[in-house]
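Dear colleague,

I am handing over the structure below, and my notes on it follow. Please read them alongside the coordinates.

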Amino acid sequence: MTLLENQDREWLNSKIEAYVDGDLSLVDKQRFELLLDAEKALWEDVHLAGKISSSLRAIPDESCPDRVLVNVMAHVRQDIRQSIWTHVQRFFLNLNVAHLKPALAVVVLFLVVITSTQIGRPTENPPIEVAQALNDVKWTLAFLSEAGRSTAATVKSDVIEDQVVGPMSRNFPAKLEN
């Protein structure tokens, strides 16, 4: 039994599985085999690793039942939600109000500018139907105004003058002159 340096022994132990699985590069494989020849006791470890690997490959893969998968994913989603909520709470609790004042002032100023430009903004041309309805309302009001004037003139001449003012002036001629 030869004595290998500790580095070589640690490197050999870390590469046993990769050697058995055939995952070592060509350079690492050559170095591994040289060191393996120098340390015959490691052949037993390589042989044992090969048996373990072949035994593990022989075990059939079993799928996870759907009900277990659903429950695990529900638990994971709940953990994610709680984690996100915890991060949000921690973020807002760690904020210093003094640091937010300039940002809030800018937001308020921005809102004032936006609302002031929207308040005095002229409206766009109304659709054709709205313009037509507005025109119809104007004509209707003009007609009603004319009808009101003619009705007022008729009431004044036919009712007030003929039935109120005329009879009163005949009954009280002296009082009307004063």
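Leaving aside its neighbours within four places in sequence, which residues is I16 in contact with? They are F32, D45, V46 and A49, where contact means heavy atoms within 4.5 Å.

This is a predicted model, in which local features need pLDDT of at least 70 and side-chain atom pairs count only at pLDDT 80 or more, while totals for chains, interfaces and linings use all residues. Residues are numbered from 1 along each chain as its sequence is written, and side-chain values use heavy atoms, with hydrogens and water left out.

I16 also belongs to the largest nonpolar core, which has 11 residues, among them W11, Y19, F32 and V46; such a core is a set of buried (under 20% relative accessible area, 1.4 Å probe, protein chains only) Ala, Val, Leu, Ile, Met, Phe, Trp, Tyr and Cys residues joined through side-chain atoms within 4.5 Å. The elements that give two or more residues to this core are α1 (6–21), α2 (26–38) and α3 (41–58), helices being DSSP runs of H or I of at least four residues, numbered from the N terminus. Of these, α1 gives the most, with 4 residues.

α2 and α3 pack at an angle of about 125 degrees, with their axes 6 Å apart; axes are lines fitted to C-alpha atoms over the stretch in contact, and angles run from 0 to 180 degrees between N-to-C directions. That makes α2 oblique to α3, since angles under 35 degrees count as roughly parallel, over 145 as roughly antiparallel, 65 to 115 as roughly perpendicular and the rest as oblique. The contact is made by F32, L36 and D37 of α2 together with L42, W43 and V46 of α3.

Best regards

Conventions. Buried means under 20% relative accessible area, exposed over 50%, partly exposed in between (1.4 Å probe, protein chains only).
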